[in-house]
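Biologist: I'd like to learn how to read a few features in a model like this. Could you take me through them one by one?

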Amino acid sequence: MSTSPARSQDDAIYRKIAWRIVPFLFVCYVVNFIDRVNIGFAKLQFLHDLHLNDAVFGVAAGMFFIGYVLFELPSNLLLARIGVRKTLLRIMVSWGVITVLLMFVKNAPMLYVLRFLLGAAEAGFFPGIILYLTYWFPDNRRGRITSLFIVAVPLAGIIGGPVSGAIMGHFHDVLGLRGWQWLFIAEGLPAIVLGVLAMFLLTDRPRNAHWLDNAEKERVLAALEADAQRRREQGAVPAKLTEVLRNPRIYLLSVIYVAIFMGLNAVGFWIPTILRQVGVQQVGNIGWLSGAISVFTAIGMVLIGRSSDRRMERRWHVAGCGLATAASFLLLPLAAHSIALTTALLIVASACIYSVLSIFWTIPTAYLEGGAAAGGIAAITAIGALGGAISPALVGTLKAHTGSVYPGLAVVAVLLAAAMAALLCFVPAPRRAAAAQVGQAA
């Protein structure tokens, strides 16, 4: 079937937009995720140096998300007012500085405070980018763009694992600094540089894009307005932030996202510990294995994302991947004496949980726009980020008491499976959701 001239013209416009903004956002997210989870590598050294235990590490990892939750909604609403350039300057410079300051940690209270401040600094980054993409790409193109953006997460693992292991292994005691201190210095500075570059490389809205001609701007704005009009006619879009905050489905999706976040953090923070527990002792080898897991994660995300797009089906892809992650967590104790089997299960868990993250966001953004989009996305991510605070503290505390990471992962698995069941039972497929809301309005 031949492609119409209008479709070809649109394809060319959106390719231009994608190449202009997505690569930079992608690099920012890679650095963001490395800085968020590098504490999982640093703990392999600093727990001994600072005479701390896994329970302290779990609380410290979770403190990040307390700050994140408290500042998520105001940060995203501020982005809608001042634009992405100033927002990324504020967020990335502050989180880069705080990451570097982690090198000076001497005790548990200092670690808790800096991790809280890091979460407060980063608040609004991910939902802000999700919102920013809605300013440029219509509904029928946003899914694949969002997936491309989120592939930065496994790429962060591919890069971050070997790099973190190499920094800690080769720079240990250089200039009197420990390997984990060099880790925070080397991985905090890029965020500062990227925050400054955002002011020069990004454009806040299509109407401000000097690199689009007037006809191209009009086509983009017309497509976005057509989406908004269609959603209004379906009655599927809460028009105001107050309506969003009264919408029960927002809170249901938020609770589901809590469990998803718990699964994400179980993978993000505990892979180095799990690998060491099954017999991988060298930090460098742990880094390379973590990187290999991330390679397969990226491949899995692409394949699962294509399957979801091809079938235009979201809920069963999310639920199936979530259940596969839960099953992998529950099977890990059976593989405790095999590095190969443990790695295989971690690949399944990682590929599936990050696919859940990618596909999940096609559900709430299908019926949110404008101020409702800013507030709704921020509300879901803010409430969901509680899972980020709960998960590492839960797993760390149980590990400190039992000597094993597996009991905590089992609890996360059960909660994740329950969330997937709730998604299938109580969140209708998009068409049925729209129909149901139209019926209620009538």
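Biologist: Let's start with H51: in which loop is H51 found?

Modeller: Keep in mind that this is a predicted model. H51 is found in the loop that runs between α2 (39-49) and α3 (54-82).

Biologist: What is the phi of H51 near, and is the value positive or negative?

Modeller: The general idea comes first: most residues other than glycine have a negative phi. In this model, H51 has a phi near 60°, a positive value in a residue that isn't glycine.

Biologist: And is H51 buried or exposed?

Modeller: The cut-off for exposed is over 50% relative accessible area. H51 has 71%, so H51 is exposed.

Biologist: Which loop holds L175, and what is the phi of L175 near?

Modeller: L175 lies between α8 (152-170) and α9 (179-201), in the loop there. Its phi is near 55°, again positive in a residue other than glycine. With a relative accessible area of 75%, L175 is exposed.

Biologist: On to burial. Where is F46, and is F46 buried or exposed?

Modeller: Buried means under 20% relative accessible area. F46 sits in helix α2, and its value is 1%, so F46 is buried.

Biologist: Which residues does F46 touch, leaving out those up to four places away in sequence?

Modeller: With those left out, F46 touches I39, H51, L52, L111 and W180.

Biologist: How about N265: where is N265, and is N265 buried or exposed?

Modeller: N265 has its place in helix α12 (residues 248-277). Its relative accessible area is 5%, so N265 is buried. Not counting residues up to four places away in sequence, N265 touches F65, W270, G388, S391 and P392.

Biologist: Now an in-between case. What does L221 count as, by relative accessibility?

Modeller: Partly exposed covers the range between the buried and exposed cut-offs. L221, in helix α10 (residues 214-234), has 34% relative accessibility and so counts as partly exposed.

Biologist: Let's do helix pairs. At what angle do α8 and α13 pack, and how far apart are their axes?

Modeller: Angles over 145 degrees count as roughly antiparallel. α8 and helix α13 (residues 283-311) pack at about 175°, with axes 7 Å apart, and are therefore roughly antiparallel to each other. The α8 side of the contact is P154, G157, I158, G161, P162, G165 and M168, while residues from α13 include V283, G284, G287 and W288. By class, this contact has 9 nonpolar, 9 polar and no charged residues.

Biologist: And at what angle do α1 and α4 cross?

Modeller: Under 35 degrees counts as roughly parallel. The axes of helix α1 (residues 5-37) and helix α4 (residues 84-101) cross at roughly 30° and come within 11 Å, so α1 and α4 are roughly parallel to each other. The crossing of α1 past α4 is left-handed. L25, C28, V31, N32 and D35 of α1 make the contact with L88, M92, W95 and T99 of α4. By class, that's 6 nonpolar, 2 polar and 1 charged residues.

Definitions and conventions: Residues numbered from 1 in each chain as written. Predicted model: local features only at pLDDT ≥ 70, side-chain atom pairs only at ≥ 80, totals over all residues. Heavy atoms only, no water. Helix = DSSP H or I, 4+ residues; strand = E, 2+ residues; numbered from the N terminus. Buried < 20%, exposed > 50% of the residue type's maximum accessible area, 1.4 Å probe, protein only. Axes fitted to C-alpha atoms, helices over the stretch in contact; angles between N-to-C directions. Parallel < 35°, antiparallel > 145°, perpendicular 65-115°, else oblique. Left-handed = near helix turned anticlockwise from the far one by under 90°. Contact = heavy atoms within 4.5 Å. Nonpolar A, V, L, I, M, F, W, Y, C, P; charged D, E, K, R; others polar.
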